[in-house]
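Colleague: Could you take me through this structure step by step? I would like to begin with the overall fold and then turn to the details.

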Amino acid sequence: MFTLSTKNQWLVGGVLLAAMLVTRAHVSDHLLDASWAVFLLAGFYLRKVLAFGVFMATAVAIDYMAINQFGVSSFCVSQAYVALVPAYGALFMAGRWFAGQYQGETLASLGKLMLAVVIGFAVSELISSGSFYALSGTVTDVSLAGFMESLLKYSPHGLYIMSLYVTIAALLHVALRQVTQSDLAV
């Protein structure tokens, strides 16, 4: 199982929170929301389940500020918004699962990371999009066929964004492990 020291968990947690703040608050139109990747990575790097609550509360606070202070559209905030808790929980748990499967920088670990990303994304997408589709009041003719069409339309982009951020994190992870291991060998 992959574990970081408490000091490094605080450091990684701070970096992940900053990434979510910068990308979720829409301070730049050029950065796409990293929240889904952040929750998966928090599950991998942070040992305390309390971290999930901190990240969830931060996401809600960012949304509140973005809508009320920066004029971001509140279109996605509806009675379905509460479903983000289990949706993000699925991503966090996928990260925790991967932490237990991690065997260093191996092809087996890469395959398990890909599995965690795809399954975490799929479960989260079903929960978040399904609840929005059924409960938000923005869809007038709710049907399974309409929901499936919506999933097929929007999921590839969401998986791409999440995978992009997780890939960047994985490359940084490998690079930092190489540097710290070479420092120990000297």
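Predicted model: local features only at pLDDT ≥ 70, side-chain atom pairs only at ≥ 80, totals over all residues.

Colleague: How many helices and strands does the protein have?

Modeller: There are six helices and zero strands. Read from the N terminus on, the order of the elements is α-α-α-α-α-α.

Colleague: And why is it described as compact?

Modeller: The radius of gyration is 17 Å, close to the 16 Å that the globule rule gives for 186 residues, so the protein is as compact as a globular protein of that length. Along its principal axes, the C-alpha trace spans about 65 × 35 × 30 Å.

Colleague: Let us turn to packing. How does one describe two packed helices?

Modeller: One gives the angle between their axes and the distance between the axes.

Colleague: What are those values for α1 and α2?

Modeller: The axes of α1 and α2 come within 9 Å and cross at roughly 170°. An angle over 145 degrees counts as roughly antiparallel, and α1 and α2 are therefore roughly antiparallel to each other.

Colleague: Which residues meet there?

Modeller: From α1 the residues are Gln 9, Val 12, Leu 16, Ala 19, Met 20 and Arg 24, and they meet Ser 35, Val 38, Phe 39, Leu 41, Ala 42 and Tyr 45 of α2. By class, this contact has nine nonpolar, two polar and one charged residues.

Colleague: Where is Val 12, and what does Val 12 touch?

Modeller: Val 12 is in helix α1. Leaving aside residues up to four places away in sequence, Val 12 touches Leu 4 and Tyr 45. Val 12 and Tyr 45 are 33 residues apart in sequence, while their C-alpha atoms are 7.3 Å apart in space.

Colleague: What about Leu 4; where does that residue lie?

Modeller: Leu 4 lies in the segment before α1. With residues up to four places away in sequence again not counted, Leu 4 touches Gln 9, Val 12 and Tyr 45. The C-alpha atoms of Leu 4 and Phe 44 are separated by 9.8 Å, although the two residues are 40 residues apart along the chain.

Colleague: Now another helix pair, please. How do the axes of α4 and α5 cross?

Modeller: Helix α4 covers residues 84-101 and helix α5 covers residues 107-135; their axes come within 8 Å and cross at roughly 170°. The helices α4 and α5 are therefore roughly antiparallel to each other. Among the residues making the contact are Leu 91, Trp 97 and Phe 98 of α4, and Leu 113, Phe 121 and Ile 127 of α5. This contact of α4 with α5 has 15 nonpolar, five polar and one charged residues.

Colleague: One last topic: what is the volume of the second largest pocket?

Modeller: The volume of the second largest pocket is about 670 Å³. The pocket is lined by 23 residues, of which Val 12, Tyr 45, Leu 172, His 173 and Leu 176 lie nearest its centre.

Colleague: Which elements give two or more residues to that lining?

Modeller: They are α1 (6-24), α2 (35-45) and α6 (144-185). The largest share, eight residues, comes from α6.

Colleague: And what classes of residue make up the lining?

Modeller: The lining of the second largest pocket has 17 nonpolar, five polar and one charged residues.

Definitions and conventions. Residues numbered from 1 in each chain as written. Heavy atoms only, no water. 1 Å grid on protein atoms, 1.4 Å probe; cavity = no way out; pocket = protein on both sides within 12 Å on 5 of 7 lines; lining within 4 Å. Points joined across faces, edges and corners; volume = space filled by probe spheres on them. Helix = DSSP H or I, 4+ residues; strand = E, 2+ residues; numbered from the N terminus. Nonpolar A, V, L, I, M, F, W, Y, C, P; charged D, E, K, R; others polar. Axes fitted to C-alpha atoms, helices over the stretch in contact; angles between N-to-C directions. Parallel < 35°, antiparallel > 145°, perpendicular 65-115°, else oblique. Contact = heavy atoms within 4.5 Å. Rg over C-alpha atoms; globule rule 2.2 N^0.38 Å.
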